[in-house]
Amino acid sequence: MSRLSLSSFLPRSGAGPLLGVALAALMAVPVVPALAETARLGGVYDISVSGFKIARGSLSLVLQKNAYSAKVGMEPAGIGTLFSAGKGGAQASGWVSSKSVVPSSYKMASRAADRDFFVDLAQGSGKVRSMRVTPKFKPNAERIKVTKKHTRNVVDPLSAILMPAKAARGKPDASVCNRRIPVFDGWTRFDIQLSYKEMRDVSGKGYDGKVVVCTARWIPVAGHRPSTASVKYMAENRKMEAWLAPIGSQGVFVPYRVEMGTKSGTLVVEPRKLKFTNGRDQAAN
């Protein structure tokens, strides 16, 4: 889903918009006190364009007190097995407060169109401390240069799915959509602007309850070439929305469904099966 990647859900891959198949174990969750409140989300997602399934995605997310660990994956499915839909995976970890998400690490590896893509970001103190990216952009005078200021107080594409909403107190309401998410994927810096659209009731996929439907806009900041057709299309695209559901009782929301207009039709990421759990676990030694 281009770089809206929902910001969510969708880490960058050579195929652009799709989820990637997780290739490695979860990053270690930081140690927290014993009997910490823990919330988990596991899900399998269908990815389709114009009603035709092209890929299958997976998401695993653990929130343990103020620490999070997540991984996401994608592999071709349906008609996607007939062409190079791309596959790969991403994982991230960090901390989440009532107001913000503070990533500590992000790794992504994928392959599409016979090309390999890789990102390894280490973050701390509100900035990207180290970075490895393959491939690197070729020099181009038109490209908006990414500077140090563009890598401060940002989240990676996977950590961007975590949306603290203190005002909502864990209950879906319009305030959940009131946010602009600053994202850096290793190549480009962009914002995702969410705005409230409506409330909906969903059921039958492992979550029964209300979701907040937000419209979304992709706003390029740096690393892009303004004249390219894909950048122009994404910047002008008004057919994007994310349905957000609460995870646990800590006032954090995550995407339940993502929908976006593309030149090939409407791209939809929606759950086939979800499993939410919430409780108190012994912390790791």
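**Note on the predicted model**

1. Strands β9 and β10 make a hairpin in which four residues separate the two strands, and glycine 186 in the turn has a positive phi of about 105°. The model under review is a predicted one. Strand β10 covers residues 189-202 and runs antiparallel to β9, to which six bridges join it. Within this pairing, arginine 180 stands opposite glutamine 193 of β10.

2. A second hairpin is formed by β2 and β3, with two residues between the strands. Strand β2 spans residues 52-64 and strand β3 residues 67-76; their antiparallel pairing extends over 10 bridges. Leucine 61 has alanine 70 of β3 opposite to it.

3. Lysine 65 is placed in the loop between β2 and β3, and its phi is positive, at about 55°, although the residue is not a glycine. The relative accessible area of lysine 65 is 46%, so the residue counts as partly exposed.

4. Another residue to check for backbone geometry is asparagine 153. Its phi is near 55°, again a positive value in a residue other than glycine. Asparagine 153 sits in the loop between β7 and β8 and is exposed, with a relative accessible area of 59%. As background, most residues other than glycine have a negative phi, and most peptide bonds are trans.

5. The loop between β7 and β8 also contains proline 135. The peptide bond that leads from threonine 134 to proline 135 is cis, and its omega is near -5°. The assignment can be checked directly in the coordinates.

6. How many disulfides does a search of the whole structure find? The search returns one. The bond joins cysteine 177 to cysteine 214, with an S to S distance of 2.0 Å. Cysteine 177 belongs to the loop between β8 (163-164) and β9 (179-184), whereas cysteine 214 belongs to strand β11 (residues 209-222); the two are 37 residues apart, and the pair links distant parts of the chain. The torsion about the S-S bond of cysteine 177 and cysteine 214 is about -80°, which means that the disulfide is left-handed. Cysteine 177 and cysteine 214 are both buried.

7. The count of salt bridges comes to 12. One of them connects arginine 132 with aspartate 120, whose closest N and O atoms are 2.9 Å apart. Because arginine 132 is in strand β7 (residues 127-134) and aspartate 120 in strand β6 (residues 115-124), this pair ties together parts that are 12 residues apart in sequence. Aspartate 120 has a relative accessible area of 15% and is therefore buried.

8. Is the pair of arginine 189 and aspartate 191 buried or exposed? Both residues are buried. Their side chains meet in a salt bridge, at 2.5 Å from N to O.

9. Aspartate 201 and lysine 210 form a further salt bridge, with 3.2 Å between the closest N and O atoms. Here aspartate 201 is exposed, with a relative accessible area of 58%, while lysine 210 is partly exposed, at 41%.

10. Salt bridges also link Asp46, Lys53 and Arg272 in a network. Side chains of opposite charge can pair when their charged atoms come close.

11. On confidence, the protein has an average pLDDT of 81, and 81% of the residues score at least 70. Over residues 1-36, however, the pLDDT is below 50, and this stretch has 148 contacts in the model beyond near neighbours in sequence. A further stretch, residues 281-285, keeps a pLDDT under 50; the model gives it 15 contacts beyond four places in sequence. Where pLDDT is low, the predicted coordinates should not be read in detail.

Conventions: Residues are numbered from 1 along each chain as its sequence is written. This is a predicted model: local features need pLDDT of at least 70, side-chain atom pairs count only at pLDDT 80 or more; totals for chains, interfaces and linings use all residues. Side-chain values use heavy atoms; hydrogens and water are left out. Two strands pair if DSSP finds at least two bridges between them. A salt bridge is a side-chain nitrogen of Lys or Arg within 4 Å of a carboxyl oxygen of Asp or Glu. Buried means under 20% relative accessible area, exposed over 50%, partly exposed in between (1.4 Å probe, protein chains only). pLDDT is the predictor's confidence in each residue, from 0 to 100. Contact means heavy atoms within 4.5 Å. A disulfide is a pair of cysteine sulfur atoms within 2.5 Å.
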